[in-house]
Amino acid sequence: MKIRVFEDAEDLGRAVANRIANQVKKNPGAVLGLATGGTPLATYAELRRMHAAGVIDFSLVITFNLDEFAGIDASHPGSFRRYMELKLFDSVNLDPRRIHFLNGAATDLDAECVRYEEAIASTGGIDLQLLGIGANGHIGFNEPDDTLAARTHRVRLHDQTRRDNAALFGGNPSQVPREALSMGMGTILKSRAVVLMATGARKARCIELAVNGPITTRLPASFLQLHRDVELYLDRGAASQLTRRR
Ligand code: PGA
């Protein structure tokens, strides 16, 4: 894993936006895997700025988001689709036909997961997957458990995860859907390159374990050790417990 440490979340966000811009410059039709949450906000802000300045052209870029809540449709203010529209999609020249999302309102959620895997494969696969990480080592909605589903699948959300996402649902955890859809760790590991971002000392322990600990379903991020092109973009807080950098 390549590890880069930045002074603060803004520096880190700029660096990740540059990484994405270089990918798109090299391959204007790049397939990007995108993530939601607080951590990517600085990156998306910088991408909006770069697009407004004419530095990045998204017209041929293809996107796939990692995960989505089940039981709500794309227009719900708590949906990850809505987050992406507000933070990036509405401000750049992505072609709506090239934006891919899991449909949490699908009547057959299992079939929706299969459709998504096939849609990713039909583009030739994800070139660059952006990831955040939970303080418990979760990736997307792949939570620590005895087993993990490799491919895109339905997930029963942990109470902690529902609390963590309450802000999207009027601050009320009971309003957060109980189920979600998520790419699996196998889907993620098939991406040609992975960029994982983490900020804050709250993430430091799981970053140390993800980099230097055993590979375990109890820490889904540890599976990234199996991938040969993973870059970790950390701020000082998130890097503060690293014992070795490899
Ligand atoms: P955060 O969430 O970016 O809001 O910390 C990351 C995650 O839980 O995957």
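Buried means under 20% relative accessible area. Glu-231 and Arg-19 both fall in that class. The legends below describe close-up views of a predicted model.

**View 1. Arg-4, Arg-19 and Glu-231 form a network of salt bridges.** Glu-231 pairs with Arg-19, and their closest N and O atoms are 2.8 Å apart. This pair links distant parts of the chain: Glu-231 sits in strand β10 and Arg-19 in helix α1 (residues 9-26), 212 residues apart. Glu-231 also meets Arg-4 in a salt bridge, at 3.3 Å from N to O. Again the partners are distant in the chain, with Arg-4 in strand β1 (residues 2-6) and Glu-231 in strand β10 (residues 230-235), 227 residues apart. Glu-231 counts as buried because its relative accessibility is 4%. Arg-4 counts as partly exposed, because its relative accessibility is 34%. Side chains of opposite charge can pair when their charged atoms come close. Over the whole structure, the search finds 15 salt bridges.

**View 2. Asp-95 and Arg-98 are joined by a salt bridge.** The closest N and O atoms of Asp-95 and Arg-98 are 3.6 Å apart. A salt bridge needs a side-chain nitrogen of Lys or Arg within 4 Å of a carboxyl oxygen of Asp or Glu, so the pair qualifies. Asp-95 has 13% relative accessibility and therefore counts as buried. Arg-98 is partly exposed, with a relative accessible area of 28%.

**View 3. Helix α1 packs against helix α2.** Helix α2 spans residues 41-52. The two axes lie 7 Å apart, at an angle of about 55°. α1 and α2 are therefore oblique to each other. Their crossing is right-handed. On the α1 side, the contact is made by Ala-9, Glu-10, Gly-13, Arg-14, Val-16, Ala-17, Asn-18, Ile-20 and Ala-21. On the α2 side, it is made by Ala-42, Thr-43, Glu-46, Leu-47 and Met-50. By class, this contact of α1 with α2 has eight nonpolar, three polar and three charged residues.

**View 4. Helix α2 meets helix α3.** The axes of α2 and α3 come within 10 Å. They cross at roughly 45°. That makes α2 oblique to α3. From α2, Leu-41, Tyr-44 and Arg-48 take part. From α3, the partners are Tyr-83, Met-84 and Lys-87. The residues of the contact of α2 with α3 divide into four nonpolar, no polar and two charged.

**View 5. Helix α3 (residues 80-87) has buried residues.** Phe-80, Tyr-83, Met-84 and Glu-85 are buried here. What covers the buried residues of α3? The cover includes β2 (31-34), α2, β3 (62-65) and β4 (67-69). Tyr-83 and Met-84 are also among the α3 residues that meet α2.

**View 6. Val-194 is buried in strand β9.** Its relative accessible area is 0%. Val-194 and Val-230 are 36 residues apart in sequence, yet 4.7 Å apart in space, C-alpha to C-alpha. Beyond residues up to four places away in sequence, Val-194 touches Gln-129, Leu-131, Ile-188, Leu-224, His-227, Asp-229, Val-230 and Glu-231. One of these, Glu-231, belongs to the salt-bridge network of View 1.

**View 7. Ser-191 lies in the loop between α6 (185-189) and β9 (193-198).** Is Ser-191 buried or exposed? Ser-191 counts as buried, because its relative accessibility is 2%. Leaving aside residues up to four places away in sequence, Ser-191 touches Ile-126, Gln-129 and His-227. Gln-129 and His-227 are also among the residues that Val-194 touches.

**View 8. Ser-182 is found in strand β8 (residues 179-182).** Ser-182 is buried, with a relative accessible area of 0%. Ser-182 and Asn-142 are 40 residues apart in sequence and 7.1 Å apart in space, C-alpha to C-alpha. Which residues does Ser-182 touch, not counting those up to four places away in sequence? They are Leu-66, Asp-67, Leu-102, Gly-140, Phe-141, Asn-142, Arg-151, Thr-152, His-153 and Val-155.

Conventions. Residues are numbered from 1 along each chain as its sequence is written. This is a predicted model: local features need pLDDT of at least 70, side-chain atom pairs count only at pLDDT 80 or more; totals for chains, interfaces and linings use all residues. Side-chain values use heavy atoms; hydrogens and water are left out. Helices (H or I, at least four residues) and strands (E, at least two) are DSSP runs, numbered from the N terminus. Buried means under 20% relative accessible area, exposed over 50%, partly exposed in between (1.4 Å probe, protein chains only). Axes are lines fitted to C-alpha atoms, for helices over the stretch in contact, and angles run from 0 to 180 degrees between N-to-C directions. Angles under 35 degrees count as roughly parallel, over 145 as roughly antiparallel, 65 to 115 as roughly perpendicular and the rest as oblique. A crossing is left-handed if the near helix is turned anticlockwise from the far one by less than a right angle, and right-handed if clockwise. Contact means heavy atoms within 4.5 Å. Ala, Val, Leu, Ile, Met, Phe, Trp, Tyr, Cys and Pro count as nonpolar, Asp, Glu, Lys and Arg as charged, and the others, Gly among them, as polar.
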